[in-house]
Amino acid sequence: MRDFIQALPKTETHLHLEGALPYELLTSWDPEQWPPDPVFRSRSYRYSTFPDFERILLDHALPWFKSAEKYHEAARAIFAKHVAQNVRYVETSFHLPITRFVNIPGREIIRAIRSAAPEGLEVRIFAGMLRSDLGGDLRPTIDELHTWDELSGVDLHGDEQMETHPDTAEVWKRLRSEGKITKCHAGEFDGPARVREAIEVLGVTRVQHGVRAIEDISVVKLAVERDVTFDMCPLSNVGLKVVPSMKDHPIRRLMAAGVRCTVSTDDPMCFANSLTDEYDALVSDLVFNRAEIAQVARSGWEAADVPVETRKAMIDEIARLVASAGG
């Protein structure tokens with residue numbers, strides 16, 4: 001099955017650039033401060049709370065991301081790992097508030113990331129922000145994001161239990177009218193009502209995670225009716241105790257109900273996971289067969305922001321691989 005997974009043309013559609021910083025870059029930079037194999041990167045490690053996870057992520061990422069050049073260096077290493085796994089399309093977000101932390105213009109960060117993309121890898125860049133940022137000093141920047149031609153879209157992330165700013169629906173609608181993709185983290189640390197809010201109030205068709213939608217069949221049906229994609233990160237969900245174990249992950253049940261589900265790594269610096277690891281876990285813990293694994297890969301291309309011809313070519317390639325493997 002590993003050869004089949006490697007051969008599949010894959011997508012990664014839920015990746016935080018700062019959380020994807022290759023840990024080995026930190027170790028090479030300062031081995032005393034960042035020794036190899038910290039405990040939190042063990043597959044058995046469980047973060048006690050989301051703030052605990054966020055603290056560890058920021059403590060490691062912020063010292064690195066001090067310049068556009070550091071974004072470029074990190075992105076180049078990240079994308080090289082994608083190419084090695086036969087990933088051909090990536091959607092990654094950068095944390096928009098970091099433009100205030102380290103005084104780097106957002107467009108400069110985007111250019112640094114984009115210039116790191118190797119030939120053959122399609123990259124789409126998103127601006128991620130907290131639910132409260134629309135009410136703060138980032139608002140003028142957010143209000144001009146529709147003019148950033150190099151930006152593919154936006155994402156609400158961070159503490160899901162934070163109240164969503166009342167202007168979000170209007171801003172998200174305006175961004176979509178200007179051709180931007182809108183995403184929202186929901187159904188990870190809060191319940192299915194957050195997924196319903198993302199779909200019905202914010203109007204998104206790209207929910208990041210969506211795990212806890214399974215707790216309300218009406219929300220699952222809503223996702224199917226609205227053709228919503230859940231960009232899921234199973235190993236992250238285990239590490240953050242969203243689910244007790246991989247065997248308890250609802251991705252198969254959601255797929256069976258008709259929800260389009262992709263898999264991604266979320267924050268691989270914190271979980272020491274690769275996209276291949278995610279697919280392997282579906283096979284080893286949930287006993288996904290080739291057809292199910294192929295469906296996950298196909299769903300990524302169905303959701304991808306690519307020309308119709310590219311989407312068809314990738315889906316056809318997946319179909320040929322399934323046929324040659326005997327189904």
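1. Which strand gives the most to the lining of the largest cavity? Strand S1 does, with 4 residues, strands here being DSSP runs (E, at least two residues) and helices likewise (H or I, at least four), numbered from the N terminus.

2. The model is a predicted one, in which local features need pLDDT of at least 70 and side-chain atom pairs count only at pLDDT 80 or more, whereas totals for chains, interfaces and linings use all residues. Residues are numbered from 1 along each chain as its sequence is written, and side-chain values use heavy atoms, with hydrogens and water left out.

3. The whole structure contains 1 cavity of 30 Å³ or more, a cavity being a set of points, on a 1 Å grid over the protein atoms alone, where a 1.4 Å probe fits but cannot get out, with lining residues having an atom within 4 Å of a point. The space in the largest cavity is about 60 Å³, a volume being the space filled by probe spheres set on the points, which are joined across faces, edges and corners.

4. Strands S1 (10-16) and S2 (87-95) each supply at least two residues of this lining, which includes His14, His16, Glu91, Phe126, Asp155 and Lys183.

5. Helices H14 (residues 275-286) and H15 (residues 290-303) have axes that come within 10 Å and cross at roughly 150°, the axes being lines fitted to C-alpha atoms over the stretch in contact, with angles from 0 to 180 degrees between N-to-C directions. H14 is therefore roughly antiparallel to H15 (over 145 degrees). Tyr279, Leu282 and Val283 of H14 meet Ile293, Val296 and Ala297 of H15, contact meaning heavy atoms within 4.5 Å.

Notes: 1 Å grid on protein atoms, 1.4 Å probe; cavity = no way out; pocket = protein on both sides within 12 Å on 5 of 7 lines; lining within 4 Å. Parallel < 35°, antiparallel > 145°, perpendicular 65-115°, else oblique.
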